[in-house]
Amino acid sequence: MTINGWIQILVYCGILALLVKPLGFYMYRVFSGDRTLLSPVLVPIERGLYRLAGTSEKEEQHWAVYAAGMLLFNLAGFLVLYALQRLQGALPYNPAGMTAVEPGLAFNTAVSFVTNTNWQNYGGESTMSYLVQMAGLTVQNFVSAATGVAIAIALIRGFARASGKSIGNFWVDLTRCMLYVLLPLCIVLTLVYVWLGIPQTLGPYVDATTLEGAKQTIALGPVASQIAIKMLGTNGGGFFNANAAHPFENPDAISNLIQMLSIFAIGAALTNVFGRMVGSERQGWAILASMGVLFLVGVAVCYWAEAAGNPLVHALGIDGGNMEGKETRFGIAASALFAVITTAASCGAVNAMHDSFTALGGMIPLINMQLGEVIVGGVGAGFYGILMFVVVAVFVAGLMVGRTPEYLGKKIEAKEVKMAMLAILCLPLAMLIFTAIAVVLPSAVASMANGGPHGFAEVLYAYTSAAANNGSAFGGLSGNTPWYNITLGIGMLMGRFLVIIPALAIAGSLAAKKTVPASAGTFPTDGMLFVGLLVGVIIIVGGLTFFPSLAVGPIVEHLAMIHGQTF
Amino acid sequence: MSQSKSASIMDARILVPAIGGAFRKLDPRTLVKNPVMFVVAVVSLLTTVLFVRDLVTGGGDLGFTLQIIIWLWFTVLFANFAEAVAEGRGKAQADSLRKARTETQAKLLNNGDRTKFKLVPGTSLKVGDVVLVEAGDIIPSDGEVIEGVASVNEAAITGESAPVIRESGGDRSAVTGGTQVLSDWIRVRISAASGQTFLDRMISLVEGAERQKTPNEIALNILLVGMTLIFVLATATIPSFASYSGGYIPVTILVALFVTLIPTTIGALLSAIGIAGMDRLVRFNVLAMSGRAVEAAGDVDTLLLDKTGTITLGNRQATEFRPVTGVTEQELADAAQLASLADETPEGRSIVVLAKEKYGIRARDMATLHATFVPFTAQTRMSGVDIDGSSVRKGAVDAVLAHVNQATVAAHGTRPTGDAIRYLQAVADEIAKAGGTPLAVERDGRLLGVVHLKDIVKGGIAERFAELRKMGIRTVMITGDNPLTAAAIAAEAGVDDFLAQATPENKLSLIREEQAKGKLVAMCGDGTNDAPALAQADVGVAMNTGTVAAREAGNMVDLDSDPTKLIEIVEIGKALLMTRGSLTTFSIANDVAKYFAIIPAMFAVFYVAPGQSTGPLQALNIMHLATPQSAILSAIIFNALIIIALIPLSLKGVKYRAIGAGSLLTRNLLIYGLGGIIVPFAGIKAIELIVTALGLA
């Protein structure tokens, strides 16, 4: 580890912390329906859209109606994206002449983009036409992110409202997120990326002649616009197969920093929106602090493991950290930092190959996802995810102060506990069960590039990434087989909707409750004690669930490496 | 029922029957009520069946498997035992109560006639029947005294041997079946049919027969089931992981891991904690009609406390005589004493005492004075005497003023002079501001002055309220006094707020207001007019001395009729919730050490490098447990024994301390969270040393 490396990490954290308040304030006003800087331009468009859709910002929805709207919208998105892929050969904007995507892959990809996962069992430049990339994938990049934010806002309303029947209007929340938050920020980011040299063209691929005289086809496309939303919306699906390691997606240190910041920006700001909506910004800071603790520990371990390198390689006389699979223009610190950010948030973009990380370095991204992507997390998804843990933490701790547990004046009772446990349960269900089947299924084992614990980690990582809606791949696993296309798709659906629906149910149940005023008998949820408690609960619940699987994966690999044992 | 029954936890009379109870509770119909322990029983049964199969076919390492199975069953039995012990303590009380419910003969009266009765068995009485109970008789069933006064021995219920007075009218009219009339006679209208009397309800409550899961218990059970499911996933996937890694894990080992991971500790003790919470109240001579009420007590935000008897000593005392101009103190004292001669209230008696001590006025006999007593009524709000055409009255200042006004106008056609009235009102205000009660005295339409009655605030009560404030509970004093008097006493006692000139209606609306703000309200009351408020309050504690209506409306009954107990009731409720939370935390924290015991043992044979005896995961064996068998066996033994070790704590409860929620949480997190991580490391290692020394594994 170097001072320079740590400065990079701290500069990142510092800038992010500065972004939280202004962005939080802006989003708070947007979702409260207050005037903002962009209102003069956007309000007429917003109103027009509501008229078209036959709704209005005054219309409020019961949680079940909200959930039904969200499900229908996502189903429609899935069908359109599936159809676009299957029919791309007959559709325009296809200069490279891509043919129809086969059904299994099309299903997997459609689910993947609708659930904000962006797991890619394909290489973008060799599979998808410009039309599919723009009208299919990029559109889902936007709306899947907006869906996540809408759900988070609805859940926040559950805490903020008292004795209410409704939790907002899905269509309004979705529209506002798109119009006021995602689109303006993406336009700015796209321009910045173009300025930094990222291509933005509808022209065909370019042929170049190398020094050796060989012909090389250089893939281009509307890259900058997709990168903007891919990071901001924590989608992570690369335009190119190499994702953010590709120089056209992520040319230099500045673009790398901006991309890392935009991954966390909305997720971190949502904690501030939460604080403002419930009437105490400190409540939001406490949650962000819990995320921050888990994040920094992850970064420290990952950076340390990568910087320490592999003793077996050192024995061959090659000093230094582990540079395998990393871009020299980013180096170890920025690669480790990127890996932790992209897996803490459910982004899944990669600027280095996680498969090539050391056992412990690669375990951190795995753990980040297994904890349910609650360390800032996917836009919206991370926030409603961590609130599920908050419910459990507050329930147990609340009892210990001798009261029926309550959070922000809302009593946490059987219904909330049930829903939170359902949401927490569905992740290990998808991650562990599918992994358990895959590692003994001969056809699935055949897809692994490595044997031993590393091969195990590849499969575990794949299902973990899918269920956590991350989308990053450990690499090494050839996922484009019917088995993986289908099961990973199911994992993504479980990890997305089996968390969203309980979260909305909690929102509905909480909104209907009275708000109990805080007293000296209620324990404060805006201090270090709460931060420690929440971190403890997340680690213990996550750790207990996944310890056996980590033990036979990265942990045994690491221990074996120390003893000089390879596989 | 009082202190004598605080049976020690280690009482053999409870423990021995509880062992039998532990086996009886293996009945699946009983077990299924406790999901976590039911799951343990199911997997224990599974391993037992597999063991029998192996016994027949001759599998390997049967001795070790047998030991695991034995300890699995012990885990279930220990949980049953905990519940049986908790119930056993209630049973002991129920038995002593049953002795009171002996067959009685009732003297059933025909309507109207108070002397003619026929003897019928007590069990045949119907609601509405009127019975005569005379000295020496056992009161046959619950009821209300409709005529007469008697001293009653209620020791059977309260454990208090000093007799209490029960009389018709007023707030002391309820009598309880099974108690005994010591002197005089009363006529009682029966209010409970046989089998539904207070005593019957008490018996079923302390026995836990009617126990239903409380809302918080249900929520906690959901959490525990959720945790269990998570560990189903964690363990059920291991065989596949093991197979991939080139190993094999026997079912017994998997079951051992699973049982140690699922929250068996809290699962085993949960119902014992609930029963013990009710039991603690009973020991405290408070009967909760439901477990829900006990939980609600822990959540109380606002306490409504009656001033009299709770905050102040039951009776106000006369401390000075303040005559108006032109009247001597002696004259005022004389009149006040006359008016109070026949007044049996503590206030009246204190006036007589003060007149004697300060002015040497001796007690006079009403009969020789030819005086007739005019008792206090709610309409006149005055009492006094009439002597030979002369009248003396004392009472509330405004009532006496109105009376004087009327008398003067009637006699002279003029109103009384303003000076005396102004002076009287000034003095009255001054007394009221100081927290006293002014009592105006007049004779034949002439204002004489004011008696200063002072409320004596109970010693130490201000500290109790400060403690409640630290618990986050707001105290509201309820009093019939005027706002001035109320404010002064409120300030002296240190309550947060007060409701002056309280009527049943504004008491009820105060409760509703607080509840609308999302607060939980507790109150106690005894009179019939308290019934609506008692029913509305989240925790309504009725005094045992109170009326039948009050007792029916409340969800708790205080057998000692001590309103200060509300504070302890809140603490007991809090202790109940805290015990649950603390043991849940402890139970889950324990899993860390158990993983470190079992995972290395299970996975030790994976990826063994050439020339090595164990695989790389042996490095996780940080407790240096000798063999995989000894590690697994000691983990499962620890898991079972910790249940037994925690029975006393779950019965006694984690003590509530009024140190603020944050500090309390820190403290409990350190003890049960951090302690829960550390203790099993030490415990498993210690057990393993014994297991290895004995050669068990």
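User: How many salt bridges does the structure hold over all chains?

Analyst: The total is 41 salt bridges over all chains. A salt bridge is a side-chain nitrogen of Lys or Arg within 4 Å of a carboxyl oxygen of Asp or Glu. This is a predicted model: local features need pLDDT of at least 70, side-chain atom pairs count only at pLDDT 80 or more, and totals for chains, interfaces and linings use all residues. Residues are numbered from 1 along each chain as its sequence is written, chains are lettered from A and ligands numbered from 1 in the order written, and side-chain values use heavy atoms, without hydrogens and water.

User: Where do A:Lys326 and A:Glu306 lie?

Analyst: Their side chains meet in a salt bridge (2.6 Å, N to O). A:Lys326 is in the loop between helix 11 (311–314) and helix 12 (331–344) of chain A, and A:Glu306 is in helix 10 (residues 281–308), 20 residues apart. Helices (H or I, at least four residues) and strands (E, at least two) are DSSP runs, numbered from the N terminus.

User: Why does A:Lys326 count as buried?

Analyst: Buried means under 20% relative accessible area, exposed over 50%, partly exposed in between (1.4 Å probe, protein chains only). A:Lys326 counts as buried because its relative accessibility is 8%. A:Glu306 is buried too, at 0%.

User: Which parts of chain B do B:Glu331 and B:Arg446 link?

Analyst: The two side chains form a salt bridge (3.2 Å, N to O). B:Glu331 sits in helix 13 (residues 329–340), B:Arg446 in strand 15 (residues 446–454), 115 residues apart. B:Glu331 is partly exposed at 31%. B:Arg446 is partly exposed at 40%.
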